[in-house]
Amino acid sequence: MAAPMTRRFMLAALVAGPLVLTTASAAPAAAPAREPAIRAVARTAREQHPLRIHIAGDSTAAQKYAPAAPETGWGMALPWYVAARTEVLNHAMNGRSSRTFVEEGRLAEILADLRAGDVLLVQFGHNDEKSDPLVRTDPWTTYQSFLRLYVDGARQRGAVPVLLTPTERWRFDDDGNAVATHGRYPDAMRALAAAEGVPLIDITAQTIARWQQLGPQSSRLDFLRTADGFEDKTHFNAAGAGVVGQMVARGLLATGVLAENALRRLDEDVPAPWFTWPEKVPAVA
């Protein structure tokens with residue numbers, strides 16, 4: 001297995017030209033001391049260029065288009081929570097795991113465009129859990145190994161990587177308690193972030209706490225419901241995407257990745273009419 005993975009990654013790394021969609025528990029080892037130096041480089045670079053935030057992730061973050069409306073990725077909400085001059089480049093794609101995003105060359109495309117001072121948000125987990133061996137990763141081995149490619153690639157270019165645990169699905173037990181669905185993947189990401197000194201925004205913990213607080217019925221209002229009555233337990237509508245986008249923005253402030261003047265509206269909801277779903281769906285590479 002190791003040899004084919006290596007060949008695929010080498011091929012992916014040769015891909016050039018950015019694919020950009022622009023929208024308005026284990027005990028960790030001691031954290032390395034390199035992150036402050038990387039952030040110092042980032043601050044210097046931001047004095048010369050406007051801040052750019054890149055998103056690498058799956059369908060819960062991705063830009064959605066008219067055929068999928070009202071499904072909304074949280075990456076579509078993030079621009080409303082960052083300063084107006086900030087550019088959000090949403091590379092997230094439906095169905096991708098930390099593995100397939102790399103093996104398809106999508107990480108290579110981001111790294112080719114990444115510059116010092118940029119921020120790279122990395123959220124995977126939903127599809128890493130799938131049984132398909134070409135998609136799946138193991139939490140404590142391949143999942144962490146692939147995540148390191150994002151972290152190391154960003155740091156090598158003077159950018160700041162940020163790990164985000166996956167958004168929690170809508171699932172409740174018979175007693176009305178929100179149920180975790182991501183197994184050991186959030187723990188594996190938390191441990192990696194601590195060991196490597198990477199800023200972490202724990203979206204898993206925040207979303208399951210929100211679903212628990214709201215309860216089975218009210219929390220349903222954050223998730224997609226189609227006109228034909230289908231109730232999606234993974235993907236968001238505009239309200240839910242806005243909630244998660246706000247969590248991400250607040251996390252960027254709390255971790256010190258962004259200063260307060262780089263953010264806005266942190267205590268406001270994004271009105272649903274502000275969201276747009278472009279008509280044209282780009283061809284999938």
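Here is a short chat about helix packing in this predicted model.

Mentor: Residues are numbered from 1 along each chain as its sequence is written. Local features need pLDDT of at least 70, and side-chain atom pairs count only at pLDDT 80 or more.

Trainee: How do you know that the span of helix α5 agrees with what it should be?

Mentor: The expected span is 1.5 Å times one less than the number of residues. Helix α5 (residues 142–156) has 15 residues and should therefore span 21 Å, and its end C-alpha atoms are 21 Å apart, which agrees.

Trainee: Which residues of α5 are called buried?

Mentor: Buried means under 20% relative accessible area, with exposed over 50% and partly exposed in between (1.4 Å probe, protein chains only). Among those of α5 are Y143, F146, L147 and Y150.

Trainee: What makes α5 oblique to α6?

Mentor: Angles under 35 degrees count as roughly parallel, over 145 as roughly antiparallel, 65 to 115 as roughly perpendicular and the rest as oblique. α5 and helix α6 (residues 185–196) pack at about 40°, with their axes 10 Å apart. That makes the pair oblique.

Trainee: Which residues meet there?

Mentor: Contact means heavy atoms within 4.5 Å. Y143, Q144, L147, R148 and R155 in α5 meet Y185, A188, M189, A191, L192 and E196 in α6.

Trainee: And why are α7 and α8 called oblique?

Mentor: The axes of helix α7 (residues 203–219) and helix α8 (residues 238–254) cross at roughly 135° and come within 11 Å. These two helices are therefore oblique to each other as well.

Methods. Heavy atoms only, no water. Helix = DSSP H or I, 4+ residues; strand = E, 2+ residues; numbered from the N terminus. Axes fitted to C-alpha atoms, helices over the stretch in contact; angles between N-to-C directions.
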